[in-house]
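Let's take a friendly walk through the charged side chains of this protein. Have the sequence and the model open as you read.

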Amino acid sequence: MTSTDLTAADYPLSVNRPDLLHTPTGKSLDDLTMDAVVAGDITAEDLRISPDTLKLQGRLAAAAGRRQLADNFTRASEMTAIPDAEVLDMYNALRPNASSAAQLEELASRLEDTYSATTCAALVREAAQVYAARNLLAEEA
């Protein structure tokens, strides 16, 4: 069975498909032991979720018919490549009345061009359309 053959029965991956899970540095779940921590072989980066794991979770959600959750996992996988400060800036930019249509389009373009975050960019563009329809965009400067 490959990762493309995932079904809802594979959930949770840590129990049913641990062979598919790896840290961002390539360690397997079996490598994450207290002995490894004590030996200094585990770093903070090893404890972060990897984009591949988030994509797998998205596939599980899609297999279970939970399309919106699957989309959230896809966006989360893209966001792992975006620096934390940029994520906070995005959060603030997406608040109602915080950004103009042009500023949101600039954000969406940056997400696509700099981080290849196409589903995140699509969400920003969708938010801009909804904000425009509801009069929630900031005034153009």
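## Charged residues and their partners

At 44% relative accessibility, Arg 48 falls in the partly exposed class. The structure shown here is a predicted model. Arg 48 pairs with Glu 45 in a salt bridge whose closest N and O atoms are 3.9 Å apart, and Glu 45 is partly exposed as well, at 37%.

A search of the whole structure turns up 8 salt bridges. Three of them, among them the pair just described, are set out here:

| Salt bridge | Closest N and O atoms |
|---|---|
| Glu 45 and Arg 48 | 3.9 Å |
| Lys 27 and Asp 46 | 3.2 Å |
| Asp 71 and Arg 67 | 3.1 Å |

What does the bridge between Lys 27 and Asp 46 tie together? Lys 27 sits in the loop between helix 1 (13-16) and helix 2 (34-38), and Asp 46 in the loop between helix 2 and helix 3 (51-63), so the pair links parts that are 19 residues apart in sequence. Lys 27 is partly exposed at 22%, whereas Asp 46 is buried at 1%.

Asp 71 and Arg 67 both belong to helix 4, 4 residues apart, or about one turn of the helix. Asp 71 is partly exposed at 29%, and Arg 67 is partly exposed at 48%. Elsewhere, salt bridges with shared partners join Glu 86, Glu 106 and Arg 110 into one network.

Arg 75 is also in helix 4 (residues 67-79). Arg 75 is buried yet has no salt bridge: the nearest side chain of opposite charge, Asp 71, is 5.0 Å away, and a salt bridge needs the atoms within 4 Å. The Arg 75 side chain does make a polar contact with the side chain of Asn 72, at 2.5 Å. Beyond its neighbours within four places in sequence, Arg 75 touches Thr 119, Cys 120 and Leu 123.

Note on methods:
Residues numbered from 1 in each chain as written. Predicted model: local features only at pLDDT ≥ 70, side-chain atom pairs only at ≥ 80, totals over all residues. Heavy atoms only, no water. Helix = DSSP H or I, 4+ residues; strand = E, 2+ residues; numbered from the N terminus. Buried < 20%, exposed > 50% of the residue type's maximum accessible area, 1.4 Å probe, protein only. Lys, Arg positive; Asp, Glu negative; His and termini not counted. Polar contact = N/O pair within 3.5 Å; in protein donor to acceptor, adjacent residues only side chain to side chain. Contact = heavy atoms within 4.5 Å.
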